[in-house]
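Morning, everyone. Let's bring the structure up and walk through it.

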Amino acid sequence: MITFEQVTKIYQSAEQEVRALDEVDLHIEQGEIYGVIGFSGAGKSSLVRCANLLERPTSGKVIVNGQNLLSLSPKDLREAKRHIGMIFQHFNLLNSKTAFTNVAMPLLLMGKSKKEVEQRVYELLDFVGLRDKADNYPDQLSGGQKQRVGIARALATQPSVLLCDEATSALDPQTTESILKLLKKINREYNITILMITHEMGVIREVCDKVAVLDQGSIIESGSVFEVFAQPRTEIAHDFVSTVMHDEIPESVHQLIQSQQSTNQIFRIVFVGDSAGTPLLSQIAKRFDVEVNVLFGSITELQGTPFGNLIVKFDGEPKEINRVIMQINQHEVTVEEVLGNVS
Amino acid sequence: MLVDWNQILVALGETITMVSVSLLFAAIIGLPLGILLVVTRKGHLWENIAVFNVLNAIVNTFRSVPFIILMVAVIPFTRLIVGTSIGTAAAIVPMVLFSGPYMARLIENSLLEVDPGVMEAAQAMGATPRQIIIRFLIPEALSSLLLGLTIATIGLVGASAMAGAIGGGGLGDLAITYGYQRFDTVVMIITVAILVVMVQGLQSAGNSLSRKVRRR
């Protein structure tokens, strides 16, 4: 649906050139919600802006709906853009126009009849839950409502792709959640492919199917959200995951462990899906001669599947602990030792 | 001392004619010029540095000549256009030349204030450059454009008073010939008072109009 082939974007200034994107390859399937995460300056904005040529890549191919956008004439490109909706961090609405006219704008540009425009705009305002705000100006709307207007406007021409440029970054957490729900609904009901960039891992966790981590203009890691959350391969990915997973042992707990003189080992156990429901730890405590102490735990939901993360301390003979690990390994969980032996 | 009210009314009419006609022509010159000064600059819709530099230099040249000198300097041109260099019609030519480039600057400033994000949204939805100017740039800048127009109009009121110096007629002419040269203080005070009221009125009208379209 959207394919980036060797996309490079270089900003040339008098003193230096900045490589915002460095030979990026990216493929997004029809109907997917694809998230790209990275720190500021990683090149996220350039990436999403290259997807509708708001910025022209220095080299490479951007293929959307089977067309290489870079090879299109200005006229064909404008036509192609009607199939690519976009929403922005700061909404970018016309402040001088009502919500109705803002949503109507793409249709007015196409020269649609008044009747057609009216019907479609009310349909869209209904969809985003703002029909009663049709005659309000952006200044009379909250941030979330403005973004809903932005979304309705982006959908006006029935695009097959929606680009989201930090669409929730200017919103509070509750509003963010409602906007994300709306995006998910759009994806489901209209089967629109969504490419979103964000610096918030929570956003990725909430709605995305797949995620790519962008650093210094390159994609350093990508995969299903599940894979990346369960086993981040790069440090940056791990850092992003830990912003929402909280899998670090709190300092106070850490100190507590170190102050205790005993032979114990600390493990991280990741439960996925059904295994999150098994009473694994209580079975272990019953069957083996070890003390089980849960130091830290979190459980979250990824793509409708429970995803648990526990840090436990096993207190007992090393031999016995080994047997425990073997037992755990028979289940659908991953276990790894952390911090080494702290005794 | 008798005040000839009829004379004052005629002068007022002349001033209004001069200001409104020059305003119309200045806008016809200033609006496209102002738009071009925005869209030909670096990174804009019709980036063209050469055109921008030329227009920029022309505007600066006209803006740097004092009006009283401009009036005299363009007399041959004025004669070419209206057939005479004296009178109300003749005053309009230098007034347009004075106000057009000034208005272009004011319009340029207003248009530059428009949030680049709005332009980006317009481009993302596949608007043509023309549509971007007409449907996005101008409506978004309208409130500020109206304030600029008010400033330009008041500038023209001032210029029209100076046009009295070359016999352009109007309130300025009256103030100079009667008030200044014949020591008719009453006429001078009356004309100045009318000008003050006019400027006040224009400014409040401009402000309220601008507020109306701002919708905030």
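Start in chain A, at A:Val36. Its bridge partner in strand 9 of chain A is A:Ala212. Keep in mind that this is a predicted model.

Now widen the view. Strand 3 of chain A, residues 33-37, and strand 9 of chain A, residues 210-215, run parallel. Four bridges join them.

What sheet do they belong to? An open one, six strands, with mixed pairing. The order in chain A is 6-7-8-3-9-10. Strand 6 and strand 10 of chain A are the edges, each pairing on one side only. Strand 10 covers 218-224. From one strand to the next, the twist averages 15°.

Which strands does helix 9 of chain A touch? Strand 3, strand 9 and strand 10 of chain A. Helix 9 spans residues 235-245 and packs on the sheet. Its direction makes about 120° with that of strand 9 of chain A.

Next, the interface. On chain A, 19 residues are in contact with 19 residues of chain B. Three elements of chain A give two or more residues each to that side: helix 2 (74-81), strand 6 (84-88) and helix 3 (99-109). So much for the elements; now the residue classes. On the chain A side, eight are nonpolar, five polar and six charged.

Over to chain B. Nine helices, zero strands. The C-alpha atoms fill a box of roughly 70 × 40 × 25 Å along the principal axes. Chain B has 216 residues, and 42% count as buried. Look at its contacts with a separation of 6 or more: 69% come from residues 24 or more positions apart.

Technical notes
Residues are numbered from 1 along each chain as its sequence is written. Chains are lettered from A and ligands numbered from 1 in the order in which they are written. This is a predicted model: local features need pLDDT of at least 70, side-chain atom pairs count only at pLDDT 80 or more; totals for chains, interfaces and linings use all residues. A residue is buried if 20 or more other C-beta atoms lie within 10 Å of its own, exposed if 12 or fewer, and partly exposed in between; C-beta atoms are placed from the backbone. Two residues are in contact if their C-beta atoms, placed from the backbone, lie within 7 Å. Ala, Val, Leu, Ile, Met, Phe, Trp, Tyr, Cys and Pro count as nonpolar, Asp, Glu, Lys and Arg as charged, and the others, Gly among them, as polar. Two strands pair if DSSP finds at least two bridges between them. Axes are lines fitted to C-alpha atoms, for helices over the stretch in contact, and angles run from 0 to 180 degrees between N-to-C directions.
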